[in-house]
Amino acid sequence: MDRYARWNALLEMLTDNGRVSVEDAAGRLDVSQATIRRDFDQLAQQQMITRTRGGAVANGVSYDLPLRYKTAKHSAEKQRIGAAAAALVTPGTVVGLNGGTTSTEVARALAVRPDLNTNAEGAQLTVVTNALNIANELLVRSRMKVVVAGGVVRPKSFELVGPLGGALLREVTLDVALLGVDAIDPQLGAAAHHEGEAAMNNLMVARAKRVVIIADSSKLGGHAFARICPVDRVETLVTDSGADPGVVDAFRAAGVHVVCA
């Protein structure tokens with residue numbers, strides 16, 4: 001297990017438990033206690049955790065992990081969700097796409113579809129995004145027209161937030177918004193941990209004819225700080241086959257079409 005995989009695992013332990021000892025972490029990851037101490041020290045230097053005598057405690061990590069630490073979590077499910085969501089896109093449309101690991105998988109799936117890529121002059125798809133990593137994925141892999149909303153970059157998610165990006169989004173019309181979220185609930189709707197990201201996503205919803213939420217099953221029925229939109233604004237939810245059938249039924253009862261990839 002390389003360093004970043006260990007860090008991801010350690011942060012997930014802290015997310016689940018709030019506190020982890022050096023001895024426990026070393027045993028669970030099958031590495032030396034000296035290695036875990038170094039890992040804890042380096043994570044503490046990045047203000048991701050707080051060191052304690054003999055271990056570490058969560059330091060806000062349970063609410064908003066940086067994107068680079070989220071990539072390994074539910075990766076297979078996110079790839080399936082990405083492919084299923086990309087299949088909902090038709091050539092010649094304008095698509096809104098926000099940031100996040102699941103949205104990244106959607107971008108990768110869109111980029112390899114030959115029917116969405118003809119030539120540089122006649123792009124078959126226009127993607128409007130507020131995420132630098134999404135724009136990069138599409139620019140290096142495809143010939144689509146990519147429009148990036150302005151704003152201030154959030155280092156944790158690579159998303160642009162603030163009034164500069166909002167000004168652009170208010171001037172465009174989206175055929176479909178494909179939005180990754182931190183939580184979605186049949187009663188409370190879709191939400192994000194950060195209010196700036198939620199505001200940008202809400203603008204995409206307002207400018208979209210159709211709204212598709214992309215979320216792995218761990219986010220269904222969950223809560224987050226800032227609401228993106230009510231559930232009656234969501235046309236389709238794309239999730240994975242591990243979703244709780246009762247929760248899926250609740251979304252369908254609320255009028256949401258659910259795709260389990």
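Let's start with β14 and β15, which pair in the parallel sense over 4 bridges. Two strands count as paired if DSSP finds at least two bridges between them, and the elements are DSSP runs numbered from the N terminus: helices are H or I with at least four residues, strands E with at least two. In this pair, Leu237 has Val258 in β15 as its bridge partner. To get from β14 to β15, the chain passes through helix α9, residues 245-253, and this β-α-β crossover is right-handed. Right-handed here says that, with the strands pointing away from the viewer, the path from the first strand over the helix to the second runs clockwise.

A word on what you're looking at: this is a predicted model, where local features need pLDDT of at least 70 and side-chain atom pairs count only at pLDDT 80 or more, while totals for chains, interfaces and linings use all residues. Residues are numbered from 1 along each chain as its sequence is written, and side-chain values use heavy atoms, with hydrogens and water left out.

Now, which way do the side chains of β14 point? Thr236 and Val238 go one way, Leu237 and Thr239 the other, and all are buried, meaning under 20% relative accessible area, with exposed over 50% and partly exposed in between, using a 1.4 Å probe and protein chains only. On β14 we also find Val238 as the bridge partner of Ile214, since β12 and β14 run parallel, joined by 3 bridges.

Let's zoom out. The open sheet has 7 strands in the order β6-β5-β4-β9-β12-β14-β15, with parallel pairing. β6 (145-148) and β15 (257-260) are at the edges with a single partner strand each, so one side of each has no neighbour in the sheet. On average, neighbouring strands are turned by 20 degrees against each other, direction ignored. Those axes are lines fitted to C-alpha atoms, for helices over the stretch in contact, and angles run from 0 to 180 degrees between N-to-C directions.

What lies across the sheet? Helix α8, residues 195-207, lies across β4, β5, β9 and β12, at about 150 degrees to β9; contact is heavy atoms within 4.5 Å.

Thr101 is buried, with a relative accessible area of 12%. Its side chain makes a polar contact with the side chain of Lys78, at 2.7 Å. That term covers a pair of N or O atoms within 3.5 Å; within protein, one must be able to donate a hydrogen and the other to accept it, and residues adjacent in sequence count only if both atoms are side-chain atoms.
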